[in-house]
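Look at the sequence and the structure below. The paragraphs after them go through a few places, one at a time.

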Amino acid sequence: MRYERLNNIVGWLVFAVAATVYMMTIEPTVSFWDCGEFISACYKLQVVHPPGAPLFLMIGRLFTLFAPEPAAVAAAVNAMSGISSAFTILFLFWTITAFGRKMAEKENPELTVGQRIAIMGAGAVGALAYCFSDSFWFSAVEGEVYALSSLFTALVFWAILKWDRHADEPDSNRWLILIAYLMGLSIGVHLLNLLAIPAICFVYYFRKVKNTSTMGVITTGVIGMAILALIQYGVILYLPKIATRFELMFVNGMGMPFGSGAIVMILLLLGGMIYGYFYTRKKGMVIWNTAILGLAFVLMGYSSYTSTIVRSKANPNIDMNNPEEAFSLLSYLSREQYGDRPLLYGPYFTAELVDQEEGPMKYYRGKDKYEEAGREPIPVFDPKQSTLFPRAYRRAGTMQRHIDFYKSWLKLRDGQVPSFADNLNFLFSYQLGHMWARYFFWNFVGRQNDIQGHGNDPEKGNWISGFSFIDEPRIGKQENMPAYKAANKGNNAYYFLPLLLGIIGLYYQMKKDNKDFWVVMILFLFTGILINVYLNPEPLQPRERDYAYSASFYTYAIWIGLGVMALFDWLRKKSPETVAAMAVTAVSLVAVPGLMAQQNWDDHNRGNKYTARDFAINYLESCAPNAILFTMGDNDTYPLWYAQEVEGIRTDVKIVNLSLLGTDWYINQMRQDSRDGKGKGVKFSIDQSKIVQGLRDYIPFYDAKLPGAAELGEMMTFMTSDEPGAKLATQSGEQVNYMPTKEVYIKVNKEKVLKDGYIPQEFIPLVQDTLKFTIPRGGLLKNDLMVLDLIASNGFERPIYFTISMGPDSYLGLQEYFQLEGLNYRFVPYRTPSQQGETFGSVHTDLMFNNVMTKFRWGNMDKGIYIDPETSRMTINLRSNFIRLAEALFAKGDKAKAIQVLDRCDQVMPNEYVPYILYNYRIVELYYLCGATDKAKKISNILFNMYESEARYYSSLAPKQRNFYERDLMNAGAIMNELSRMARTFNETKLAEEYERRSKPYSTPPQF
């Protein structure tokens, strides 16, 4: 059989394996994080968060056409990720076999049977190792951009190797033009694909220059970086920036229509490129002609962003940043809302804010021209505490928790300024160690669990090998870990086998083909270590970021494959060549991708998992008709968007995301009705012109010593007034609005409230005519201002809810006027004094009982599905809600219903799949109080065994590790003592005595 035919057949077989696995393990509906946003946007071609992904959305839209019903749309988009990932594996296979063939042909141009088998084995082992790797498999089964982005990376790298093989043919440059077009297209998915450019340049250099030199290598590196910068900054950012200058010139300067300046710029650019193309062709300037043609194809691919502008002009429900004209598009593409991070020079985290400078003028679209919105302030930090190459740095978005983390990680005292050595220590230990090397080891050595770690917890998210003598010194004896923690499905050990095979392949390629080795190494460095240096990640990320470095894991898989070639070369000296090739391939397939598949299956199989969708539905079903629902983060917003936009569930609820409410474009969108007319726009009293970006972004507090509380609506008018008497002068002389008091009140139409009938009978006597509260702020951000304005403007005309998953700081002092009805708190006109902890307001027992017992869905958590970290975190709130409802029912004397609620909690979230946590001991006491003693004892035993094993584990750790868990050890002892107390209180004397005996070693705080 011809080599090419064999290579195609085996490649497609590997593709079939990958596609089958991914289709078997995709999530059948929406996932957490950005997936709800992306799937919703695919379904209706809407506009996602900056910098957008228009090509992803258009391809996703094609896949949604195959969904037989709206409920299957998410599966269709997830399938797109699965198919894209399978094609990535196919092109990775062909990439590995291309490198393997090239090395083998240096020895023997006519490949032997054994060599062909070994090359196919190398491709299969390397490709399947990546197929089953932790990070890539995670992205392959959900509707996010990273799977399709990986496909583009695999495509362009495979294409440059095809060019390399055909470079001497007359039309070989077509491969380079294809690469340019793919690069342009990939911009409409994700920018990570651009990191392949330097490696591609080195393939070109090594192929075209026989006698390479140090200067040639340096020049090639500079050219590669220049091309990368040209596309990243010149094409993606500066072309839109130039368009804004043309817009100002033509619209504001000449009075022409909006968009005329941008059209003129595009025509000039197009004309210049056409002229350059024909001029260089006429003069025989082949390289320049190819470069111009390549740039043209990059721009053709980049033109997918025209769909973003077109769809934004249609004002869909999801229209992030509203990028429908040049200025908003520039802000969108440059990701302005996320801020900047210092790269080459900047302040240490200890630097104080000493001044602020004015940034460039901001513009927004007015009636017939672009209006000035003011200049955004740029903070200036103490230059005496600044450094070159800042890693432990401070910026506008740095919070106190980041500063505390820096001090803790670097072991600095309060007030101690870090040195440059500390700065580099943070780079190597945290940014490259924790935020890259740990992820790399997850994929090729093993992973402790799926609990997010921040690098300072031996129990969360570390890498493991499976060998106790290696793991124990870092993170303790894993075999002593409590059973419920050891059973975490994210616990996967590969015993260094993928890593070692990759090291063998790396060394083998370096010896056999040094030039190709450096090509792969450059791709590996740029997609891993160097992009990490460029991103300069802050600590305490909201989620693990391993997916951002998947391309470096892809690159390492090339070396894993070539490791098979190395083993074959060694073994064929000792046995028949064909036997050696087959043996090495078989053993490697089992030892590396086989082991990885076996270990990773349970935490990557998302079949039958509906938690994200069902929790979203529960949030919506917790609302009364025509409600306004305040949400905060991605996971209590994007899945809700999906439920409304795709499945059409409770579209009457207007979702208002507090994180976005600080932007003028989102405030304006919230005023509008939803596209189906059911979700009515919210009422704001503040005119849009008063809160454009740059105006009233922050309103400071200045105590005006008012006699008593201020009416909230009147204070809103005062804080947004342009009258001089409503402003104060800052140190710089600027006149700004201010908040004159923190004590405010709202008037209530008591008759209307009682008529609406949503107040439980027992709370009707508590309804007030005036609600007084204190705003717990030293100043108001724009989103705080708009929440208060909505409260003042709406009164109680429409139901207003806040999700339970927010932090108390987001409630703006309103929490004493909350009523729990499900997964949301309803703002009500009666006061319930705050309780201990983070439980607020009263409980509407009848409504909430109906919700949790009949209406709510639970995502199949009782069926052994994979409980991912986001689901696990949400179950803490869910159990807390069950407990609150049972407490309220018990307080009303309805013990039977309280038991039903507790039973339902155990039914939908059984401990077998969703382990109890620290504060769930209250379930035991409630069962006792309600007379269900057997049920109380059952859960009490479960909890006691859990925390006894936890205390035993912590006590077994080395002193340095044990010191980290001092609080956890004390908590475990306290829980055991509390369970003993309950047993004795409710006359379970034998059980109490047993508990007391077993908990005695852990009842007193340990001495360290």
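Is Asp134 buried or exposed? Asp134 is buried, with a relative accessible area of 2%; buried means under 20% and exposed over 50%, with a 1.4 Å probe and protein chains only. The model is predicted, so local features need pLDDT of at least 70 and side-chain atom pairs count only at pLDDT 80 or more, while totals for chains, interfaces and linings use all residues. Residues are numbered from 1 along each chain as its sequence is written, and side-chain values use heavy atoms, leaving out hydrogens and water.

Asp134 lies in helix α6, residues 134–140. Helices here are DSSP runs (H or I, at least four residues), numbered from the N terminus. Leaving aside residues up to four places away in sequence, Asp134 touches Trp442, Asn443, Arg447, Tyr494, Asp546, Asn600, Asp603 and His604, where contact means heavy atoms within 4.5 Å.

Helix α22 (residues 550–571) and helix α23 (residues 577–604) have axes 9 Å apart and an angle of about 140° between them; the axes are lines fitted to C-alpha atoms over the stretch in contact, and angles run from 0 to 180 degrees between N-to-C directions. Among the residues that meet are Ile560, Val564 and Phe568 in α22 and Ala580, Val584 and Ser588 in α23.

The last stop is helix α27, residues 712–719, where Leu712, Met715, Met716 and Met719 are buried. These residues are on the same side of α27 because they cover an arc of only 105° around the axis, taken from the directions from the helix axis to the C-beta atoms. Glu714 and Thr717, on the other side of α27, are exposed.

Methods:
Helices (H or I, at least four residues) and strands (E, at least two) are DSSP runs, numbered from the N terminus.
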